[in-house]
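Here is a short note to read alongside the model.

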Amino acid sequence: MSFCQFFGGEVYKDHFKPGIYVCSQCNHPLFSSRSKFAHSSPWPAFTDTIREDSVTKMMETLTAFKVLCGKCGNGLGHEFVNDGPEEGVSRF
């Protein structure tokens, strides 16, 4: 996921086959395809991590956390609070 591109290069945005999404640097399990949902952003979107320690989060604003791989610290993007597919659900 650290190799996402903003202008049409992201290959996993519309990829919905069953499986596990892992860190591109260390293969640490991050997200399950069961928590993936279609979203208008250019990147894949998930509602939850596989485990609590799958990622490390640091508050960036009141509505966004910077998200890093829980094992190696690779930058993964953000968690947007209350911006998921249902009210009260966050989006990674």
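1. A term first: two strands pair if DSSP finds at least two bridges between them. Strands themselves are DSSP runs of at least two residues, numbered from the N terminus. Please also keep in mind that this is a predicted model.

2. Start with the hairpin of β1 and β2. Strand β1 covers residues 20-22 and pairs with β2 in the antiparallel sense, over 3 bridges. There are 6 residues between the strands of this hairpin. One of the residues to check is asparagine 27, which takes a positive phi near 65 degrees. Within the pairing, tyrosine 21 has phenylalanine 31 of β2 as its bridge partner.

3. Next, the open sheet. It is formed by 3 strands, in the order β5-β6-β7, and the pairing is antiparallel. Strands β5 (55-61) and β7 stand at the edges with a single partner strand each, so one side of each has no neighbour in the sheet. From one strand to the next the twist averages 30 degrees.

4. Strand β6 spans residues 64-69, and its antiparallel pairing with β5 runs over 6 bridges. Threonine 61 has alanine 64, in β6, as its bridge partner.

5. Now the aromatic rings. A pair of rings is described by the distance of the centres and the angle of the planes. The model has 3 aromatic pairs. In one of them, phenylalanine 31 and phenylalanine 46 have ring centres 4.3 Å apart and planes at 10 degrees, so this pair is stacked. The cut-off for stacked is planes under 30 degrees apart. Phenylalanine 31 sits in strand β2 (residues 29-32) and phenylalanine 46 in strand β4 (residues 45-46), so the pair ties together parts 15 residues apart in sequence. Phenylalanine 31 and phenylalanine 46 are both buried.

6. Phenylalanine 31 has another ring partner, phenylalanine 92. This aromatic pair is tilted, with 5.6 Å from centre to centre and 55 degrees between the planes. Phenylalanine 92 lies in the segment after β7 (75-80) and phenylalanine 31 in strand β2, so the pair ties together parts that are 61 residues apart in sequence. Phenylalanine 92 is buried, as is phenylalanine 31. Through ring pairs, Tyr21, Phe31, Phe46 and Phe92 are linked into a cluster.

7. Is lysine 57 buried, partly exposed or exposed? It is partly exposed, at a relative accessible area of 41%. Lysine 57 is in strand β5. It lies over the face of phenylalanine 65, 5.6 Å from the ring centre. Its side chain also makes a polar contact of 2.8 Å with the side chain of glutamate 79. The C-alpha atoms of lysine 57 and glutamate 79 are separated by 8.1 Å, with the two residues 22 apart along the chain. Not counting residues up to four places away in sequence, lysine 57 touches Phe65, Lys66, Val67, Glu79 and Phe92.

8. Glutamate 79 comes up again with serine 90. Serine 90 is in the segment after β7 and is buried, with a relative accessible area of 14%. A polar contact of 3.4 Å joins its side chain to that of glutamate 79. A polar atom of the serine 90 side chain also lies 3.4 Å from the backbone nitrogen of asparagine 82. Leaving aside neighbours within four places in sequence, the contacts of serine 90 include Phe46, Thr47, Phe80 and Val81.

9. Serine 35 is in the loop between β2 and β3 and counts as buried, at 11% relative accessibility. A polar atom of its side chain lies 3.0 Å from the backbone oxygen of aspartate 48. Leaving out residues up to four places away in sequence, serine 35 touches Ala45, Phe46, Thr47 and Asp48.

10. Last, lysine 36. This residue is in strand β3 (residues 36-37). Lysine 36 counts as buried because its relative accessibility is 8%, where the cut-off is under 20%.

Definitions and conventions:
Residues are numbered from 1 along each chain as its sequence is written. This is a predicted model: local features need pLDDT of at least 70, side-chain atom pairs count only at pLDDT 80 or more; totals for chains, interfaces and linings use all residues. Side-chain values use heavy atoms; hydrogens and water are left out. Rings of Phe, Tyr and Trp (its six-membered ring) pair if their centres lie within 6.5 Å; planes under 30 degrees apart count as stacked, over 60 as edge-to-face and the rest as tilted. Helices (H or I, at least four residues) and strands (E, at least two) are DSSP runs, numbered from the N terminus. Buried means under 20% relative accessible area, exposed over 50%, partly exposed in between (1.4 Å probe, protein chains only). A charge sits over a ring if NZ of Lys or CZ of Arg is within 6 Å of the ring centre and within 35 degrees of the ring normal. Axes are lines fitted to C-alpha atoms, for helices over the stretch in contact, and angles run from 0 to 180 degrees between N-to-C directions. A polar contact is a pair of N or O atoms within 3.5 Å; within protein, one must be able to donate a hydrogen and the other to accept it, and residues adjacent in sequence count only if both atoms are side-chain atoms. Contact means heavy atoms within 4.5 Å.
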